[in-house]
Amino acid sequence: MQAFEKARAISGDNLAILREMAGIAADGGDYKLAAELYSSLGEHQAEAHYLVRLGQHTAAGDDHSTGDKHIAKALKVYPG
């Protein structure tokens, strides 16, 4: 991920770099970062997907209120 962050610092918000970073974040379980990166790419379905994953993960850790907020945001971002 550090190499992509350096590349992003040099070239700016290159779509290919952002897409790779989002995939790496998602694969590593950083659903919040994945959602943020997909949002910056305008890929709202993917953003909503990772917001739901974040909500599920948060709720599984007994923070149901925050988990519900993430899922509600996902529905606003991409109502289906």
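The legends below describe a predicted model, in which local features need pLDDT of at least 70 and side-chain atom pairs count only at pLDDT 80 or more, while totals for chains, interfaces and linings use all residues. Residues are numbered from 1 along each chain as its sequence is written, and side-chain values use heavy atoms, leaving out hydrogens and water.

**View 1. Surroundings of methionine 1.** Helices (H or I, at least four residues) are DSSP runs, numbered from the N terminus. Methionine 1 has a relative accessible area of 31% and is partly exposed (buried means under 20%, exposed over 50%, partly exposed in between, with a 1.4 Å probe and protein chains only). Not counting residues up to four places away in sequence, methionine 1 touches Met21, Ile24, Ala25 and Leu33 (contact means heavy atoms within 4.5 Å).

**View 2. The ring pair of tyrosine 31 and tyrosine 50.** Rings of Phe, Tyr and Trp (its six-membered ring) pair if their centres lie within 6.5 Å; planes under 30 degrees apart count as stacked, over 60 as edge-to-face and the rest as tilted. The count by this rule is 2 aromatic pairs. In one, the rings of tyrosine 31 and tyrosine 50 are stacked, because their centres are 6.1 Å apart and their planes at 15°. Tyrosine 31 belongs to helix H3 (residues 31-40) and tyrosine 50 to helix H4 (residues 44-60), so the pair ties together parts 19 residues apart in sequence.

**View 3. The ring pair of tyrosine 38 and tyrosine 50.** These rings are also stacked, with centres 5.8 Å apart and planes at 10°. Tyrosine 38 is buried, at a relative accessible area of 11%. Ring pairs link Tyr31, Tyr38 and Tyr50 into a cluster.

Key. Helices (H or I, at least four residues) and strands (E, at least two) are DSSP runs, numbered from the N terminus.
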